[in-house]
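This report covers helix faces, a sheet, aromatic pairs and backbone angles. The sequence and the structure come first.

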Amino acid sequence: MKTFELVAPCHFGLEAVTKREIYDLGYEVTRVEDGRITFCGDAEAICRANIFLRTTERILLQVGRFHAETFDELFEGIKALPWEEYIPKDGKFWVTKASSIKSKLFSPSDIQSIAKKAMVERLKEHYHVNWFEEDGAPYPVRIFLMKDEVMVTLDTSGESLHKRGYRLMTSKAPLTETLAAALIMLTPWSGSRILVDPFCGSGTFPIEAAMIAANIAPGMNREFTAEKWTNFIERQLWYDTVQEAQDMVNTDISVDIQGYDIDGEVVKAARENAKRAGVDSMIHFQQRAVADLHHPKKYGFIITNPPYGERLEDKKDLPELYGQIGEAFRGLDSWSMYMITSYEDAERYVGRKADKNRKIYNGMIKTYFYQFMGPKPPKKA
């Protein structure tokens, strides 16, 4: 079976998590760049990567890479690519996105227009036609320029992979599902340990944790653009991959995952989201303030995304709020806390310096992932 170069975009600063996921899925990583992992795989890998990977935004099929500093070079470079291997005569093809960083060609609309013309010229020569109806399957193209190096890809996913299908209702400052999963996977948490999110919002951290614990593949209940690419991905591969995912699910496991929020309507929405994700029986949601956070068990985890002024009327409330977080955490014997926030004074008001601190961009917001480590539980005899 033909192998492809597949590209998995991810959050800046979390490349190692996505790389590990790809290795665990059984594929060879060939390149690691900022916010992007490239790996080798066949048609089945396209299906499996879309359905199983938790931390990537989409799966791109790399059609080619080349250097271009002028629009002529861009045109010729794109025309030289083997588009006929991917796009059938009736295929609908367009450049859905072009981005340029530190390159001489920087106008996205011009890049999109010239790329489309080059693709049309190539396919006209191959199919011996002067006009394409474009009434068949969709083949969206994404082009990235970085320091005059052009990467041309086909988008196999369609809607971003963070759209798992369970989150219809969100709170004011939601964390994407892919980022939440990546942050959980960055911690040593496993399903045998307690996990509490005292600012659960729409429930993303608890739901993603429950899906990880129950081995629920994030993409098993949604559709992908490449499902329609029957000219080189057999439909049966998608059915087989979904069946593989279904066979791995185990929701009968015993876990202790809890989500609290001070807003009762938000808690209600989180419960609905968990139900759609198929993990409502695994999570205990409750309307509760962070000041009331306590737990009798030891060696638990707080993993949370507290307010940091984006969704509060005024930042003046933050010192008191982070002080309450610190007080609650000090009352939890031997627990660990992992907290993503853009609030610069978080450590000061929590009252403890983080053991580790990682800078992560949540969309355009620069945030910090503070890691306050508790002791490891004793090994069982």
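Helix 2 (43-52) is among the elements that cover the buried residues of helix 7, where contact means heavy atoms within 4.5 Å. Helices (H or I, at least four residues) and strands (E, at least two) are DSSP runs, numbered from the N terminus. This is a predicted model, in which local features need pLDDT of at least 70 and side-chain atom pairs count only at pLDDT 80 or more, while totals for chains, interfaces and linings use all residues. Residues are numbered from 1 along each chain as its sequence is written, and side-chain values use heavy atoms, with hydrogens and water left out.

The buried residues of helix 7 (residues 235-248) are L237, W238, T241 and A245; buried means under 20% relative accessible area, exposed over 50%, and partly exposed in between (1.4 Å probe, protein chains only). Viewed down the axis of helix 7, these residues fall within an arc of 100°, so they line one face of the helix. The arc is that of the directions from the helix axis to the C-beta atoms. The 14 residues of helix 7 should span 20 Å at 1.5 Å a residue, and the end C-alpha atoms are 21 Å apart, which agrees. The expected span is 1.5 Å times one less than the number of residues.

In helix 3 (residues 71-79), L74, G77 and I78 are buried. Their arc around the axis is only 90°, which puts them on the same side of helix 3. The cover over them includes strand 4 (60-67), helix 4 (108-127), strand 6 (138-146) and strand 7 (149-155).

An open sheet of mixed pairing is formed by 7 strands in the order 10-9-8-11-12-14-13; two strands pair if DSSP finds at least two bridges between them. Strand 10 (283-287) and strand 13 (356-362) are the edge strands, each pairing on one side only. Neighbouring strands of this sheet are turned by 20° against each other on average, direction ignored. Axes are lines fitted to C-alpha atoms, for helices over the stretch in contact, and angles run from 0 to 180 degrees between N-to-C directions. Helix 5 (residues 177-186) packs on the sheet, where it touches strand 11 (301-304), strand 12 (336-341), strand 13 and strand 14 (365-372), and its direction makes about 165° with that of strand 13. Helix 9 (residues 318-330) lies across strand 11, strand 12 and strand 14, at about 165° to strand 12. Strand 9 (residues 257-261) pairs with strand 10 in the parallel sense over 5 bridges; D261 has Q287 of strand 10 as its bridge partner.

The whole structure holds 16 aromatic pairs. Rings of Phe, Tyr and Trp (its six-membered ring) pair if their centres lie within 6.5 Å; planes under 30 degrees apart count as stacked, over 60 as edge-to-face and the rest as tilted. Two pairs are tabulated.

| Pair | Centre to centre | Angle of planes | Class |
|---|---|---|---|
| Y127 and F132 | 6.4 Å | 80° | edge-to-face |
| Y322 and Y343 | 4.8 Å | 45° | tilted |

Y322 lies in helix 9 and Y343 in the loop between strand 12 and helix 10 (346-350), so their pair ties together parts that are 21 residues apart in sequence. Y322 is buried at 0% relative accessible area, and Y343 is buried at 11%. F4, Y86, Y139, W229 and F232 form one aromatic cluster.

E134, in the loop between helix 4 and strand 6, has a positive phi near 55°.
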